[in-house]
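Please open the structure in a viewer and keep the sequence panel beside it.

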Amino acid sequence: MSAAVVMSRPDTLNPDVRRFAQTPLRQTAFLNGVPKCGTHLLRNIVRMFVPVEQHYDREFIQIPNLQQHMPALAKDRPLFSVGHMLFADISIIALRHARHVILVRDPHDYVLARARFTLSDQFNHPQLNHLKGGAVSVEQMLNMMIFGIPGRSPALREVFTFHAVSWMGTGADVVRYEDIVAHLRDLDAPAAEAFFADLLGKFGIALTGDWRERVKVGSDRKHSATSREALSVGQTMPETLPDIQKQLVEHSAPGLRALLGYA
């Protein structure tokens, strides 16, 4: 399958990061996001607590480019890096020295997010571009996001199995996108402080006195190149997944939502 190209605005967060005093990471940390599950959001929040010099931001690390980005995961030079890493022997070995956090999302919302992104002008893939411009209905696109496209795009079950489920029970920490969003809505609540202390602790980062300001800056959607607001989609997407597609998700990946804590 040919590589996709994402056309987006440049990253502008580093000047904001430098406004705050930073404590260097003492251990390599890797954010392993299931694609289209809010990776940019969590990445930018964590970056607000890590010196810019320790951001490994050349590109997202995946198995196809793993060998050329191995320095990002080295034990003796702690860095914070991000990627979409499949569960496999080479990735297990590569991550053996890193704090490993896996970001997941409700599969129902994942289907909508993936469909919206695939149909957007910001996504360019030679084997999928023919689906844009009304060539297929929104409902047909949602079903393709659930069941995949033979030889072109993986099914939902495969995506979650190899990016998240296979890593469970191996020492990696699983974080849910919805929990992050819920606490962002009420940062002044004691529960939010406890949540972000635990969340950052998974990366080896201690909560700072100015953590709320940092989180607000990092979570500002203007810093996300793939946020919903940044995408230009020529078709109207539903706000929630239709009931029939919800049933198809359960048929395609029975028990997945329950395993991830969404049932």
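**Before starting**

This is a predicted model, in which local features need pLDDT of at least 70 and side-chain atom pairs count only at pLDDT 80 or more, while totals for chains, interfaces and linings use all residues. Residues are numbered from 1 along each chain as its sequence is written, and side-chain values use heavy atoms, with hydrogens and water left out.

**Stop 1: the whole protein**

Display the chain as a cartoon. The protein has eleven helices and seven strands; these are DSSP runs numbered from the N terminus, helices being H or I of at least four residues and strands E of at least two. Of its 263 residues, 51% count as buried. Buried means under 20% relative accessible area, exposed means over 50%, and partly exposed lies in between, with a 1.4 Å probe and protein chains only. Among contacts (heavy atoms within 4.5 Å) between residues at least 6 apart in sequence, 79% join residues at least 24 apart.

**Stop 2: the largest nonpolar core**

In soluble globular proteins, nonpolar side chains tend to be buried together. A nonpolar core is here a set of buried Ala, Val, Leu, Ile, Met, Phe, Trp, Tyr and Cys residues joined through side-chain atoms within 4.5 Å. Select Met85, Val111, Leu142, Leu156 and Phe160: of the 42 residues in the largest nonpolar core, these touch the most other members. At least two core residues come from each of strand 3 (55-61), strand 5 (99-104), helix 4 (107-119), helix 5 (138-147), helix 6 (156-163) and helix 10 (243-252). Helix 5 gives the most, with six residues.

Now centre the view on leucine 142. Leaving aside neighbours within four places in sequence, leucine 142 is in contact with Val111, Leu112, Ala115, Met237, Pro238, Leu241, Pro242 and Gln245.

**Stop 3**

Select helix 10. Which of its residues are buried? They are Gln245, Leu248, Val249 and Ser252. Seen down the axis of helix 10, these buried residues fall within an arc of 105°, so they line one face of the helix; the arc is that of the directions from the helix axis to the C-beta atoms. The face turned away from the buried side carries the exposed residues Asp243, Gln247 and His251. Helix 4, helix 5 and helix 6 are among the elements that cover the buried residues of helix 10.

**Stop 4**

Leucine 103 is placed in strand 5. At 0% relative accessibility, leucine 103 counts as buried. Not counting residues up to four places away in sequence, leucine 103 touches residues including Leu31, Val34, Leu42, Val175, Tyr177 and Ile180. Leucine 103 and aspartate 173 are 70 residues apart in sequence and 8.6 Å apart in space, C-alpha to C-alpha.

Aspartate 220 lies in the loop between helix 9 and helix 10. Aspartate 220 is partly exposed, with a relative accessible area of 33%.

Aspartate 188 is found in the loop between helix 7 and helix 8. With a relative accessible area of 62%, aspartate 188 is exposed.

**Stop 5**

On a 1 Å grid over the protein atoms alone, a cavity is a set of points where a 1.4 Å probe fits but cannot get out; lining residues have an atom within 4 Å of a point. Grid points are joined across faces, edges and corners, and a volume is the space filled by probe spheres set on the points.

How many cavities of 30 Å³ or more are there? By this rule the count comes to one. About 30 Å³ of space lies in the largest cavity. Select its lining: Arg43, Arg47, His55, Tyr56, Asp57, Phe80 and Val82. Two or more of the lining residues come from each of helix 2 (39-47), strand 3 and strand 4 (80-83). Strand 3 gives the largest share, three residues.

Definitions and conventions:
1 Å grid on protein atoms, 1.4 Å probe; cavity = no way out; pocket = protein on both sides within 12 Å on 5 of 7 lines; lining within 4 Å.
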